[in-house]
Amino acid sequence: MLETMKTLLSEAEKTGKALPAINVSNMESLLALLDAAASNDYPVIIQVSPIELDHKGISFFEYAEMVKLFLGRYQVDAAIHLDHATTVEQCLMAMQGGFTSVMFDGSSLPFEENLRKSAEVANLAKKWGATVEAELGKVSGNEGEKGSSDKGFMTDPGLARSFVTATGIDCLAVAIGNAHGLHTTSPKLDFERLLTISKEAGVPLVLHGGTGIPAEDIRKAISRGIRKINFFTEIDRSFVAGFIEALQENPSAYLMEAAKAGQERMQEEIERKIELCRR
């Protein structure tokens with residue numbers, strides 16, 4: 001069933017669990033996510049970034065319709081979320097197109113501009129009944145653009161309460177040592193900072209860059225207020241690995257056969273992430 005992310009986050013808050021948020025940019029990855037969610041009877045966030053949609057040449061409306069079409073085949077609770085939108089216009093078009101949740105990423109902007117635009121998105125979302133995520137601080141690393149290596153800075157706990165109150169957002173993405181993309185060493189999360197932010201913010205917290213964070217650290221983060229965890233790189237790579245291995249084993253394999261192998265490998269990886277989120 002299609003839900004708002006706020007509804008799913010509220011339930012996760014009650015149970016002390018987290019929601020896996022998986023970037024989905026083709027039919028096979030969508031089916032892998034929905035099959036994993038159905039097999040584990042667990043709610044999920046189906047998300048995509050503007051970069052991915054631009055690469056595919058797909059509109060917000062077309063993407064939402066595709067997701068809703070396949071979601072109707074499953075007994076799964078899910079939200080459709082726009083990840084890392086950098087303009088108010090992108091957020092509005094996504095909500096108009098059928099997304100039930102949007103993230104306005106103003107982390108590269110000065111604090112006051114990030115606050116103002118996040119508040120603008122939250123105000124627009126009231127009309128559409130959508131959930132709004134924003135980011136305070138900046139998570140470093142690659143957000144999907146090849147070659148990106150943005151440096152981040154930690155979320156200031158002293159600003160968390162005023163930012164949430166002034167913007168009216170529903171959940172807050174935090175920078176506590178996490179990073180997007182692949183890592184040569186395990187990220188070192190600042191759990192004391194996370195706990196303070198959780199107490200100050202008063203809303204569910206979001207952890208970006210779930211790839212490469214040790215399982216024990218994921219569980220500790222959930223116990224300290226993280227209710228949504230974004231997983232992309234590791235899951236994306238699993239699909240590619242399954243696809244390539246299928247062709248290596250059988251060079252005459254058809255596209256549908258290699259894609260199916262990638263989908264199955266991806267589902268296995270998503271199921272591991274779901275298990276982590278259960279704590």
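What percentage of the 279 residues in the chain is buried? In this predicted model, buried residues account for 53% of the chain. The secondary structure consists of 11 helices and 10 strands. The radius of gyration is 18 Å, close to the 19 Å given by the globule rule for 279 residues, so the chain is as compact as a globular protein of that length. Along the principal axes, the C-alpha atoms occupy a box of roughly 60 × 40 × 40 Å.

Contacts were examined between residues at least 6 apart in sequence; of these, 69% connect residues that are at least 24 apart. The accessible surface of the chain amounts to about 12600 Å², and carbon and sulfur atoms contribute 51% of that area. With regard to charge, the chain carries 29 positive and 39 negative side chains. The centres of these two sets are separated by 4 Å.

The interior was then considered. In soluble globular proteins, nonpolar side chains tend to be buried together. The largest nonpolar core in the chain comprises 70 residues, of which Ile46, Tyr63, Phe99, Leu172, Ile229 and Ile270 touch the most other members. Helix α2, spanning residues 27-40, makes the greatest contribution to this core, supplying 7 residues.

The surroundings of Phe99 illustrate the packing within the largest core. When neighbours within four places in sequence are set aside, Phe99 is in contact with Val48, Phe60, Tyr63, Ala64, Ile80, His81, Leu82, Ala94 and Ala130. One of these partners, Tyr63, is itself among the core residues that touch the most other members.

Backbone geometry was also examined. Most residues other than glycine have a negative phi. Asp41 has a positive phi of about 50° despite not being a glycine, and His84, likewise not a glycine, has a positive phi of about 55°. Asp41 is located in the loop between α2 and β2, the latter covering residues 44-48. His84, by contrast, lies in strand β3, which runs over residues 78-85.

Methods. Residues numbered from 1 in each chain as written. Predicted model: local features only at pLDDT ≥ 70, side-chain atom pairs only at ≥ 80, totals over all residues. Heavy atoms only, no water. Helix = DSSP H or I, 4+ residues; strand = E, 2+ residues; numbered from the N terminus. Rg over C-alpha atoms; globule rule 2.2 N^0.38 Å. Buried < 20%, exposed > 50% of the residue type's maximum accessible area, 1.4 Å probe, protein only. Contact = heavy atoms within 4.5 Å. Areas by Shrake-Rupley, 256 points an atom, 1.4 Å probe, with all protein chains shown as cover. Lys, Arg positive; Asp, Glu negative; His and termini not counted. Charge placed at Lys NZ, Arg CZ, Asp CG, Glu CD. Core = buried A, V, L, I, M, F, W, Y, C linked by side-chain atoms within 4.5 Å.
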